[in-house]
8 protein chains.
Amino acid sequence: MDVKNILEQVKNGTLSTDEAMLQLKAQPFEDLGYAKIDHHRAIRQGAGEVIYGAGKTAEQIIGISRRLIDGGANNVLITRLDADKAEILCKKMDATYDPVSKIAIAAPQDQPHVGNIVVATGGTSDMPVAEEAALTAETLGSHVVRLYDVGVAGLHRLLSHLDQLQSARVVVAIAGREGALASVLGGLVDCPVIAVPTSVGYGASFGGVSALLSMLNSCSSGVSVVNIDNGFGAGYLANIINQMESIAE
Amino acid sequence: MDVKNILEQVKNGTLSTDEAMLQLKAQPFEDLGYAKIDHHRAIRQGAGEVIYGAGKTAEQIIGISRRLIDGGANNVLITRLDADKAEILCKKMDATYDPVSKIAIAAPQDQPHVGNIVVATGGTSDMPVAEEAALTAETLGSHVVRLYDVGVAGLHRLLSHLDQLQSARVVVAIAGREGALASVLGGLVDCPVIAVPTSVGYGASFGGVSALLSMLNSCSSGVSVVNIDNGFGAGYLANIINQMESIAE
Amino acid sequence: MDVKNILEQVKNGTLSTDEAMLQLKAQPFEDLGYAKIDHHRAIRQGAGEVIYGAGKTAEQIIGISRRLIDGGANNVLITRLDADKAEILCKKMDATYDPVSKIAIAAPQDQPHVGNIVVATGGTSDMPVAEEAALTAETLGSHVVRLYDVGVAGLHRLLSHLDQLQSARVVVAIAGREGALASVLGGLVDCPVIAVPTSVGYGASFGGVSALLSMLNSCSSGVSVVNIDNGFGAGYLANIINQMESIAE
Amino acid sequence: MDVKNILEQVKNGTLSTDEAMLQLKAQPFEDLGYAKIDHHRAIRQGAGEVIYGAGKTAEQIIGISRRLIDGGANNVLITRLDADKAEILCKKMDATYDPVSKIAIAAPQDQPHVGNIVVATGGTSDMPVAEEAALTAETLGSHVVRLYDVGVAGLHRLLSHLDQLQSARVVVAIAGREGALASVLGGLVDCPVIAVPTSVGYGASFGGVSALLSMLNSCSSGVSVVNIDNGFGAGYLANIINQMESIAE
Amino acid sequence: MDVKNILEQVKNGTLSTDEAMLQLKAQPFEDLGYAKIDHHRAIRQGAGEVIYGAGKTAEQIIGISRRLIDGGANNVLITRLDADKAEILCKKMDATYDPVSKIAIAAPQDQPHVGNIVVATGGTSDMPVAEEAALTAETLGSHVVRLYDVGVAGLHRLLSHLDQLQSARVVVAIAGREGALASVLGGLVDCPVIAVPTSVGYGASFGGVSALLSMLNSCSSGVSVVNIDNGFGAGYLANIINQMESIAE
Amino acid sequence: MDVKNILEQVKNGTLSTDEAMLQLKAQPFEDLGYAKIDHHRAIRQGAGEVIYGAGKTAEQIIGISRRLIDGGANNVLITRLDADKAEILCKKMDATYDPVSKIAIAAPQDQPHVGNIVVATGGTSDMPVAEEAALTAETLGSHVVRLYDVGVAGLHRLLSHLDQLQSARVVVAIAGREGALASVLGGLVDCPVIAVPTSVGYGASFGGVSALLSMLNSCSSGVSVVNIDNGFGAGYLANIINQMESIAE
Amino acid sequence: MDVKNILEQVKNGTLSTDEAMLQLKAQPFEDLGYAKIDHHRAIRQGAGEVIYGAGKTAEQIIGISRRLIDGGANNVLITRLDADKAEILCKKMDATYDPVSKIAIAAPQDQPHVGNIVVATGGTSDMPVAEEAALTAETLGSHVVRLYDVGVAGLHRLLSHLDQLQSARVVVAIAGREGALASVLGGLVDCPVIAVPTSVGYGASFGGVSALLSMLNSCSSGVSVVNIDNGFGAGYLANIINQMESIAE
Amino acid sequence: MDVKNILEQVKNGTLSTDEAMLQLKAQPFEDLGYAKIDHHRAIRQGAGEVIYGAGKTAEQIIGISRRLIDGGANNVLITRLDADKAEILCKKMDATYDPVSKIAIAAPQDQPHVGNIVVATGGTSDMPVAEEAALTAETLGSHVVRLYDVGVAGLHRLLSHLDQLQSARVVVAIAGREGALASVLGGLVDCPVIAVPTSVGYGASFGGVSALLSMLNSCSSGVSVVNIDNGFGAGYLANIINQMESIAE
């Protein structure tokens, strides 16, 4: 029963004003605009719903997944999922699991991948974060090109992929240690660059702080940064930007 | 003379292979793809070229502006410009100056503003950063809506602008102190949120570090962060995202 | 024998001045006001005595508990108690244990719970800290309402509990990551808000530092902060405030 | 026109359901509970409204003050006000100014001061912060006892005021350098202790960080902390706690 | 052969000047004052030689101990020794081991303990560090009084030991968390206070940093600080000061 | 009237027990041991009383100085005194001022300087801190030897003073930048070394933090540390240690 | 086929300009200077190729090693290799392994060691880092002298090796804790000093940060610093400097 | 009189052994090897002696310069010299001053510049540090090539100078903000790269810390780092490496 309904009933005398007051208070988000978000999310459900797996039991994850799928969802994305919980999940329901990114997808289903996101990493050790970003974006419907191990210490590796980089709609730059990749990429492309510092490194890399500061101070325009190791956040944001539509005339 | 040309001349015998070698080396960026960036920037010049004013003399700034304008540019954006240098600038050439954002625009010219960027701030003290973001995006051709002083301590101020927020293509969330605005906005909208921590605050705000960490750890998806007080960076990135076109069919 | 007594005996000549000197020195806290604290605590013993369990052996904890109970205490609160020590405790004496908060209560006994404390968390992972706060306050005699997983990324979850929040005498705001919950709650209620940063998060959350700074810089009035993960401290303080009496006329 | 009114009119047919929808959206905070906060504040206005003076011009401050006073307020608290702005303020309207705390009070008026707040400092250099706390609490209607320069290096100074401390309803402990005062006070009293680290000190005091960490790690129960130098925040919170009423039967 | 000897031989013609040059270079520390330190230490050997146990194998420790004992040493102090290495040590040679301080003493022998060092701790968890300090000082010949668990949250515990504190020649103040003990002790005694921050605590205690800063910023005169958890350093320094002799007339 | 007196009067009946109670409370520090400190300080007054000059007006300083001098003190040490306040001081009363250390001495008077403290610095820029230490110790009655600019980058400078160093009773090691002087000195002498990090340096010296950490981690035994730039603290402590008497037989 | 070749063929008509365009793009690094680096490395392959072992499987390492050896390399350096992976490696191919430095060398082969690098450490615990540096430099063809455990607390240990130090072409100074070794060495030699902070230490050494800051602030000229525990980096750089040739006339 | 002399005299009987002992002690550095450093420096004096100008008066600097020049030196390098002191210097003696690098050269004299050092900067604001490095190396006799404003955001600027970079004997990489230049340069050249972080930047660049960490974590081999803004240190070290001679056969 929405606000319009409530008002109609008040008008018709089938609802007292006091009871109307109560109902308006009880469900303010469903009808007064706040639920818009949820509603919007519901519409998108076919393209991917997200469950943060860390700190949840396998049973909880299965429960939530089932509820979402019963509600019509598929390609339910489950992030930060340990291998042992993933094993239980995959036994009990239709799901796939990628041990590198620690991402599982429940009710996986073929879907088109549109647009063009490049996920680039400085080294091979950044791969878990990169795959989290890539799989997130793919599950949400984006096309992803992976350019791994193109760190700035060997610039030629990066430059040999210029064409791919310059045809991207969004670039996700993932690097640990000194995180210089984001600045170099930011200087090579015109599209938005989402930088992800990783905790890869040792000593004065301070668990990703060095890369984080480096990326925040990037001298290239068009670069923004997400949290250390936050591949999911980068992939999620990259997908939103990638799927943006033209300004309506 | 581009690569194709050089090769043609070699073929025709009008250029020796040695001289061709030399020319290929001399202008590798012009022809082999690296210059693509510059070329692209050149194309865009009519819509805004950027000069970082801090650490340059008024004379240098005027010099660069004139060269750009002679090259066809207008609406040349000059950021971080002190009032005294701005005075000289405005005397010597056609330019406007905004003392709040410390932005000057040389050869200002009317232009359409398209799309929809919302620039929101937690408090009135965040205005210099916010205006830097807003004017940058506007000068680059974007339409900007300002929502200032909508900090989370008075949530109703923010919620009363829900419609404006939810119709934005990009939101720039600018806040100092605890920087909670980015998370709250991230939860209210579905479009990309660019968070700008400001150095506003005292004590344990550590010149913007508190807001910066807060924004990096945002529990809302779709939020990315730029450097402390980097209004220009946010406005520049917001404009790129705002003006993105649909994925070509 | 208190000061008055000593003086009376000196007056009566049953105590020499030298011996009186000695006695005054030997027990300065019992009689000159310093012991007031201990005395006061003794009076409250029926409502809860506290043992910090970490770093004590099961035997030590049982010993202290028994001494307190023999002295008339019940509902003895034992915090930060590992499950294995708890098992020994519960076998050897009348005690209950809550594995989430790691709190045990020795000589548990029914008691009234008065007033109204709301314990709110940003996410489900903050529950161990929240339960430590809630159980502490309950064991000390306060009534506690739990609002878990009402983080600011989904503001509607929080707003749907406005009535409960606004009828609280004290609110305990518990959050990790960006800790924005404290500011938002501080803007919604008029009562004191005790903010507890938690070490929940990853990357640049730095084990709770991000949430800590965020809460210290809260732009809402009426907010104060305790140590990272210090659920006990928040619950203890909330109980004191909750049980405050009116200013005597 | 409130929700009840709107509903009544709908019932009576004097308002269409569509127009009712619009009105409900237009003023959600006035009628659906969100405005409760503002309303509540309005009720309290006679006892003190607060303006944060830093970053506002004298004219802005005078303007806001006048509007509040016109609305019935008196004892309008203006914090962090520079001496030169204060001079203008005091010339143009009825106001008093205290140069130590940098607090001005517009439309000052005698009022009763109830309860008992002790504001204690470690040294005389902490006085500006202490006076900000004390004047804030006094302006909001609390009775304040000042105990300045009672730092722990000379414990006897503190102990000679035990009676005053132990009869307080709230203690505000203000100290720079090592901030040990909060812990010692926390061990001496049973009421809430609000600790305020100050930026007083040099070298490894890091502008108040040393005192801040010290206070957050206090081994005494009942201590919570506000931002460095945040005398206003402490005074505001102390007043709320001081004026709490007993739990209703 | 010392410098004097070499010179005598040169004088006597039994040594050429060139060979004398060579010898002077070969042993500069034995004869020109640099070895004074070693010599001095050799003299003291009967009263305690120190081996840092961490990072050495049981065999290495036994080897070094035997060499020292063969050289006339007894009461050889071995610090930071794991229990399992200690077991091997005690089996293979005459040695005692204290598991709390992780200190072993090889070739233990009765000796007088002179002077008066008070080792005080804030809590019982500081005991391992305190015992390292106490045993170090005792093994080097000092008399030590232990005052454990006299933290400032319960000031009466500390004040009841005033006589013992004020008769000390050196006080070692050991505390974690907020480390306020050092300041309070510094205000109560006139002798040197050596402060040892410990890594005891959680959250914003940052592994002892909070206590360290607190102690460095002590508002009491006569306080100096050693590294976090450095009980050995404090005990060693306390012993030197304790055993100082009067200024010779 | 002391405790003994009070008790005698009670015994004699010239004082009622109630009034005795009152008097005991009124002056607990004078008679029950707490005042011991003050008393002790009073005894020492002839040898130097200390006023922290920063944050006090010239008038306040003169007032305190006069009261101390009237009470019998001379050589009153005033630290951290700006040149302009010093000028007023020296005009209005008998006082000397040293602009390097910013120390003034009121009622200066010749006195013997006993024992042997070496104050060594890494560079000439450390002189203000060094002079603060040296003058403090001298004013309190110690003999001081200054070894300035003997930093470890030119080890020969240091080694050429070995005799002076090794005959010291206390060494104060003052250095900025990398603070290595403390460790090197600690290895060369057997007496206590008090290390003072200074804020001298640039870049990653972080206002003295680099030297502070260096000194805290000194691999030499017998080294303890005071706050950054705390020359007074080092001089004060050095004097106490220097003037220690032998253990009484 | 290099650029010259391509151009010749274009000239000869055996290659179309379009295909030439394609080929120029396909291999820009081989011929246009960027590949110079790789080429240079290829030339050096006989003297040592480097594989970073951490985060690679034994199989991957064996695979890469074989490919390099097949390409003519020997003395392939594998750093940060765990013992268990090393065991597999040594079983499956011709390789040696050093468990201290965790370095393996595949296809080890005798080679001359030229020049003179001194690797000095402050303590024995710095040995793993020191051996990583030493073995790296040796494998790349440098002669290395090891001076271990010559920390500044016992300066005579260091000074007794003056001749060796002063005849070095490069010195690698490796130390944890306060890292003073670098400054002292920098003052004793005229050649470049490469400082390596190690994570050896406890408490305020913060995993090598103390040593790192110390070394960066070295008051000695000629000192530069690499990352904490980065023995490989120091050895690699030392080798380059050691093998530098004179400036050509 | 050197050691040999002393010994000869002892041999000849013109010096007693006791007096010889005394003389040996008095000048240990002149003759026993420690003075080697000084001697060496003396030999080099013609090529440049260094005075650190900050914190010295113009008179002191002139005095030291004159003494050095009287001793035969020319091209005396004076760093960190304020313009006003420089004016006095240049008036009173033969000297030149460069206001950008704040370097003065006393007794300037033509000299050959040998070898090849490239000094590269990320931006024009890094010029003061770069010029300090360049002028230092030049004054010490090295040939320097300046490549300014070749930051990684515009990679083509850097790549167009590949030839110059790859023919360098040493590269000095100077950059603020994210400091990525060092890594990119490290990957492009085979010679040693000395990285200098600058304090250029704002917000999270933290006065050069971001660039410092970036450079320490460089993924390129052959890179070492000096202190923030330490152009002199880099130039000095670059000169030593540049002027290294081949390993003697």
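1. Let us start with charges across the interface of chain F and chain E: here the rule finds zero salt bridges. A salt bridge is a side-chain nitrogen of Lys or Arg within 4 Å of a carboxyl oxygen of Asp or Glu. Across the interface of chain F and chain E there are, however, seven residue pairs in polar contact, both residues at pLDDT 80 or more. A polar contact is a pair of N or O atoms within 3.5 Å; within protein, one must be able to donate a hydrogen and the other to accept it, and residues adjacent in sequence count only if both atoms are side-chain atoms.

2. A word on what you are looking at: this is a predicted model, in which local features need pLDDT of at least 70 and side-chain atom pairs count only at pLDDT 80 or more, while totals for chains, interfaces and linings use all residues. Residues are numbered from 1 along each chain as its sequence is written, chains are lettered from A in the order in which they are written, and side-chain values use heavy atoms, with hydrogens and water left out.

3. Which elements of chain F touch chain E? Those that give two or more residues are α4 (36–44), β5 (114–121), α9 (162–166), α10 (181–188), α11 (209–216), β9 (223–225) and α12 (231–242) of chain F. Helices (H or I, at least four residues) and strands (E, at least two) are DSSP runs, numbered from the N terminus. The largest share of this side of chain F, six residues, comes from α12(F). By type, the residues of the side of chain F that touches chain E divide into 20 nonpolar, 13 polar and six charged.

4. Now for the extent of that interface. Chain F puts 39 residues in contact (heavy atoms within 4.5 Å) with 39 residues of chain E. Together, chain F and chain E bury about 3,500 Å², 60% of it on carbon and sulfur atoms. Buried area is the accessible area (1.4 Å probe) that two parts lose on being put together, summed over both.

5. How are the two copies arranged? A rotation of 179° with 0.1 Å of shift along its axis superposes chain F on chain E, with an RMSD of 0.3 Å. That is the relation of a two-fold axis. Copies are superposed by least squares on the C-alpha atoms of residues with pLDDT of at least 70 in both. The copies meet through the same surface, because 100% of the interface residues of chain F are also interface residues in chain E.

6. Next, please turn to chains C and D. Their contact takes 39 residues from chain C and 39 residues from chain D. The area buried between chain C and chain D is about 3,500 Å², and carbon and sulfur atoms give 61% of it. Chain C is superposed on chain D by a rotation of 180° with 0.1 Å of shift along its axis (RMSD 0.1 Å).

7. Within chain C, there is a salt bridge to find: the side chains of C:E132 and C:R80 meet at 3.1 Å, N to O. C:E132 lies in helix α7 (residues 127–139) and C:R80 in the loop between β2 (76–79) and α6 (83–92), so the pair ties together parts that are 52 residues apart in sequence. Over all chains, the structure holds 32 salt bridges.

8. Finally, the structure holds eight aromatic pairs over all chains. One of them, C:F232 and C:Y236, is tilted, at 5.6 Å centre to centre and 50° between the planes. Rings of Phe, Tyr and Trp (its six-membered ring) pair if their centres lie within 6.5 Å; planes under 30 degrees apart count as stacked, over 60 as edge-to-face and the rest as tilted. C:F232 and C:Y236 both lie in helix α12 of chain C, four residues apart, about one turn of the helix.

Notes: Nonpolar A, V, L, I, M, F, W, Y, C, P; charged D, E, K, R; others polar.
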